[in-house]
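The paragraphs below go through a structure chain by chain, from the overall fold down to single helices and a loop. Please keep the sequence and the model open while reading.

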Amino acid sequence: MNALLIAQNTFREAVRDRVLAGILIGGLVLMALTRVGSVLAMGEDLRLTVDLGLSSISLLGLLVILLVGTSLVAKEIERKTIFNLLSRPLPRPVYLIGKWAGLTGALALVALVLGTALALLVTALGSPQHIPAIAQATYLAVLELSLLTSLAVLFSALSTPVLSALYTLGMFLAGQWCDDLRRLAVKLPAGAREVLATIADVLPNLPLFNMRSLAAAGDVTGLAHLGLATGYAVLYCACALALASAAFESRDFK
Amino acid sequence: MSVLLALPAVPLVRMRMAVAWAAALAFGLAAVAVVRVATATLPARAPLAELAYYPSGQALRPASLGHAETAADLAWLRAVQYYGEHRQTDVRFVQLEHVFNVLTSLAPRFEGPYVFGAFALAQEGHDFPAAHRLMLKGIAANPRSGRLAFEFGFLNFVRPGGRDLKQAAEWFELAARLPDGPPNARRFAAFARQHAGDLAVALLLWDEVRRTSTNPLMRDMAEREMTRLQNAIRTGRGESAMRRLTTPVVILK
């Protein structure tokens, strides 16, 4: 219940934030701009629109996380509003979960708006058959953003907003190379192979949430993929939030 | 206030931290298990499939904000990776021409990709017209390059489906006239003019590549061809190497 209240508050705060509104407008403008770029796409304008539209959901969501998510906890500490919360009988993990859930909700709302706009645009272009693929890709983008938000909360509980943003960005970049790391690991000698494979396991496996190349062609993915991606996102978020709780428990706000 | 916000009793904090660490470990291990299942069961993507989404080099150049050469270097690394991955897997090079077009548009004076790309396209991609286009693009961007003229002559000399000795000789002769042309380009031109399919000439050409190329993959290719030709010359069974020269396809698995 307490987590829900904090989530609602964080969601409201994020939605009222000018950053979120600006990014939402930016995303819609970017989608409109793909129509201008389609003149140069030599017949591939639909693919360009779908691909850029889905990329903008993912990248603009990341921008929100970097600008808002990484200062979620630090801002409360700086403003000393955290004292009011933690002086109540509120377990610290619940506070962190509430923060994560609130921002994830706000990001899901942004993704929903942009995904709907993209689906409408594609329908207007005469290709409504792309809508299921866009819906799936948007859902996977929300999972990816929720996972990155949990990492932002973890770093935010540990460090300053600037460093948290850098760490989160680093995890995003490294996470995109997970598949490459696994492929490289197979070619290395035994010791190095294990080390690299372990690193690939620990990093967030973000390619699992990427079906943009499928969606650009109008293809949908299987339920197994969606199920595994959902399970992975839930478990990874739980792991990151548990680590954040462990770190947050030991913090002294005196 | 500070009394309220102070840490709770130490054992309680320790216990909560231990629970949090245990939960993190359990969730983390479960997440690793899920991702391993996903990696093992979901269809693997084609290696470097994202290269299909590279915009054209002309569009990418302004987007690189003055760092087109750096972008070309990165594209070159991806191109070599793409070649290596597909050479070891399906021996299909669908995106090769696109990738080399992108990077040569980003850096038109970067000569290595023209040569490597053209030979990979012709020998292993079985797409001589694409190789021809790439080399002509390089020569148009670098009209004073003796190296490119020489390599284009060589590409014609080993053209799959039948060597074009006349073209080869013309480009060797041009290479010999250009300031940075290899010193023995004229000799190769003379060979090409005089002989049609002489194994010794082919051996010299591959040896030239082996000695001068800075690209290890190209040197490997040259060494393999040299071994094949030397065996043919030593055993006197030149017809297999001749056939090889007529249709020089290098398939490696």
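Read from one end of the sequence to the other, chain A follows the pattern α-α-α-α-α-α-α-α-α-α-α-α. That comes to 12 helices and 0 strands. The model is a predicted one, and chain A averages a pLDDT of 87, with 95% of the residues scoring at least 70. Among the elements of chain A, the lowest mean pLDDT, 76, belongs to α5(A), and the highest, 94, to helix α7 (residues 131-158).

Of the 254 residues in chain A, buried residues make up 45%. For contacts in chain A with a separation of 6 or more, 80% are between residues 24 or more positions apart.

Chain B reads α-α-α-α-α-α-α-α-α-α-α-α-α along its sequence, with 13 helices and 0 strands in total. In chain B, 35% of the 253 residues count as buried. Residues 24 or more positions apart supply 62% of the contacts in chain B that have a separation of 6 or more.

The largest nonpolar core has 83 residues, and the members that touch the most others are A:Val153 and A:Ala244. Apart from its neighbours within four places in sequence, A:Ala244 is in contact with A:Leu96, A:Val153, A:Leu154 and A:Ala157. There is also a second, separate core of 44 residues, which includes B:Ala130, B:Phe152, B:Phe157 and B:Ala168.

One helix of chain A shows how a buried face is laid out. Helix α8 (residues 161-176) of chain A has 16 residues, and the distance from its first C-alpha to its last is 23 Å, close to the 22 Å expected at 1.5 Å a residue. Its buried residues are A:Pro161, A:Ser164, A:Ala165, A:Thr168, A:Met171, A:Phe172 and A:Gly175. Seen down the axis of α8(A), these buried residues fall within an arc of 130°, so they line one face of the helix. The partners against which the buried residues of α8(A) pack are α3 (45-67), α4 (72-79), α7 and α9 (178-187) of chain A.

Helix α12 of chain B can be read in the same manner. Its 20 residues (residues 216-235) should span 28 Å at 1.5 Å a residue, and the end C-alpha atoms are 28 Å apart, which agrees. Buried positions in α12(B) are B:Met221, B:Ala222, B:Glu225, B:Leu229 and B:Ala232. Viewed down the axis of α12(B), its buried residues fall within an arc of 95°, so they line one face of the helix. The face of α12(B) turned away from that buried side carries the exposed residues B:Pro216, B:Thr227, B:Asn231, B:Arg234 and B:Thr235. Just after α12(B), B:Gly236 takes a positive phi of about 75°.

A positive phi also turns up in a loop of chain B. B:His126 lies in the loop between α6 and α7 of chain B, and its phi is near 55°, a positive value in a residue other than glycine. Most residues other than glycine have a negative phi. B:His126 counts as partly exposed because it has 17 other C-beta atoms within 10 Å.

In the loop between α6 (111-124) and α7 (128-141) of chain B there is also B:Asp127. Is B:Asp127 buried or exposed? B:Asp127 is buried, because 20 other C-beta atoms lie within 10 Å, and 20 is the number at which a residue counts as buried. Not counting residues up to four places away in sequence, B:Asp127 touches B:Glu97, B:Leu121 and B:Ala122. B:Glu97 is 30 residues apart from B:Asp127 along the chain, and their C-alpha atoms are separated by 9.2 Å.

Last is the place where the two chains meet. The contact takes 28 residues from chain A and 27 residues from chain B. On the side of chain A that touches chain B, the elements giving two or more residues are α5 (81-86) and α12 (223-249) of chain A. The largest share of that side, 14 residues, comes from α12(A). By type, the residues on the side of chain A that touches chain B divide into 15 nonpolar, 7 polar and 6 charged.

Definitions and conventions: Residues are numbered from 1 along each chain as its sequence is written. Chains are lettered from A and ligands numbered from 1 in the order in which they are written. This is a predicted model: local features need pLDDT of at least 70, side-chain atom pairs count only at pLDDT 80 or more; totals for chains, interfaces and linings use all residues. Two residues are in contact if their C-beta atoms, placed from the backbone, lie within 7 Å. Helices (H or I, at least four residues) and strands (E, at least two) are DSSP runs, numbered from the N terminus. Ala, Val, Leu, Ile, Met, Phe, Trp, Tyr, Cys and Pro count as nonpolar, Asp, Glu, Lys and Arg as charged, and the others, Gly among them, as polar. The expected span of a helix is 1.5 Å times one less than its number of residues. A residue is buried if 20 or more other C-beta atoms lie within 10 Å of its own, exposed if 12 or fewer, and partly exposed in between; C-beta atoms are placed from the backbone. The arc is that of the directions from the helix axis to the C-beta atoms. pLDDT is the predictor's confidence in each residue, from 0 to 100. A nonpolar core is a set of buried Ala, Val, Leu, Ile, Met, Phe, Trp, Tyr and Cys residues joined through C-beta atoms within 7 Å.
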